[in-house]
Amino acid sequence: MNWKKQRHSGTARLLHWVYAPAVLALILSGLYIHSPSRAFGFKRMDSARKTHAVAQFLLLNSYVARICYGMKDKNYKEIIPNRKTLKAMPKFLKYEFFLSEKKKEYPKYNPGQKILITSLAGLIPVQIITGMALYFKPLQRAVKTAGGLNPVRWLHYLAALMMVSSVSVHLYFTLTNSLKKLKSIFTGYA
């Protein structure tokens, strides 16, 4: 018998497919809001702002749901880097930068994915907090007394650029790893 091993649960896949398009919509609408251009897929500022508002709602809720699910199922241990992850990093980077042909197999996530996913999980709260400070009037007044909106706007923009970089690296790892692992985010099984 050839039993397939479950790699991602239905809940994990559902949450992934809620926040993945939300992050893409936030990046494109956020770049349009920062510097309007039709290259980002919007024709009017109003539609970009509405898209940004809906996508941030989806991201915030799916992010909180993913944290709760990770705590309940204790699967956060598979994601958060530990000492073993850091020790494995040089060999992993050597392979990724084509300095070694020896590919090591990892249980679920490689060291790069662990650090990347954890950094994304850290960037999302920065985006949420700075976004709320820019969006809600009572928070805007508080921010103005603490130095103004411009530093918050730049922090939000910088975090967005870091998120774009992280998503790009995530896609690179996903598309250059095995096809079985790629299929598992759709089917759940590898």
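Mentor: Let us begin with the second largest pocket, which has a volume of about 930 Å³, and keep in mind throughout that this is a predicted model. The lining of this pocket comprises 29 residues, and those closest to its centre are His52, Gln56, Gly131, Leu134 and His156. Two or more lining residues come from each of the elements α1, α2, α4 and α6.

Trainee: Which element gives the most to the lining of the second largest pocket, and with how many residues?

Mentor: Helix α2 gives the most, with eight residues. Sorted by class, the lining of the second largest pocket has 19 nonpolar residues, eight polar ones and two charged ones.

Trainee: Which element gives the most residues to the lining of the largest pocket, and how do the lining residues divide by class?

Mentor: Helix α1 gives the most to the largest pocket, with nine residues, and the lining as a whole divides into 30 nonpolar, 12 polar and seven charged residues.

Trainee: Turning to charged side chains, how many salt bridges are there, and what does the cut-off ask for?

Mentor: A salt bridge here requires a side-chain nitrogen of Lys or Arg within 4 Å of a carboxyl oxygen of Asp or Glu, and by this rule the count comes to three. In one of them, the side chains of Arg44 and Asp46 meet with N and O 3.5 Å apart. Asp46 also forms a salt bridge with Lys50, where the closest N and O atoms are 3.3 Å apart. Lys50 and Asp46 both belong to helix α2 and are four residues apart, about one turn of the helix.

Trainee: Where is the salt bridge between Lys108 and Glu78 placed in the chain?

Mentor: The side chains of Lys108 and Glu78 meet at 3.2 Å, N to O. This pair links distant parts of the chain, with Lys108 in the loop between α3 and α4 and Glu78 in the loop between α2 and α3, 30 residues apart. Lys108 counts as buried because its relative accessibility is 17%, under the 20% cut-off, whereas Glu78, at 34%, counts as partly exposed. Salt bridges that share partners, by contrast, join Arg44, Asp46 and Lys50 into one network.

Trainee: What should I look for when nonpolar side chains lie on the surface, and which residues form a nonpolar patch here?

Mentor: Look at which residues are grouped and at their accessible area: Met132, Tyr135, Phe136 and Leu139 form a nonpolar patch on the surface, with about 370 Å² of accessible area together. Leu139 lies in helix α5 (residues 137-145) and is partly exposed, with a relative accessible area of 36%.

Trainee: How many helices and strands does the protein chain have, and what does the C-alpha trace span along its principal axes?

Mentor: The secondary structure comes to seven helices and zero strands, and the C-alpha trace spans about 60 × 35 × 35 Å along its principal axes. Of the 190 residues, 33% count as buried. Ser184, in helix α7, is buried, with a relative accessible area of 0%. Glu101, by contrast, is placed in the loop between α3 (83-96) and α4 and counts as exposed, at 81% relative accessibility. The C-alpha atoms of Glu101 and Gly147 are separated by 51 Å, although these residues are 46 apart along the chain.

Key
Residues are numbered from 1 along each chain as its sequence is written. This is a predicted model: local features need pLDDT of at least 70, side-chain atom pairs count only at pLDDT 80 or more; totals for chains, interfaces and linings use all residues. Side-chain values use heavy atoms; hydrogens and water are left out. Ala, Val, Leu, Ile, Met, Phe, Trp, Tyr, Cys and Pro count as nonpolar, Asp, Glu, Lys and Arg as charged, and the others, Gly among them, as polar. On a 1 Å grid over the protein atoms alone, a cavity is a set of points where a 1.4 Å probe fits but cannot get out, and a pocket is an open set with protein on both sides within 12 Å along at least five of seven lines; lining residues have an atom within 4 Å of a point. Grid points are joined across faces, edges and corners, and a volume is the space filled by probe spheres set on the points. Patches are made of residues with over 30% relative accessible area and no salt bridge: like charges are joined within 9 Å, nonpolar side chains (Val, Leu, Ile, Met, Phe, Trp, Tyr) within 5 Å. Accessible areas come from the Shrake-Rupley method with a 1.4 Å probe; for residues, only the protein chains shown count as cover. Buried means under 20% relative accessible area, exposed over 50%, partly exposed in between (1.4 Å probe, protein chains only).
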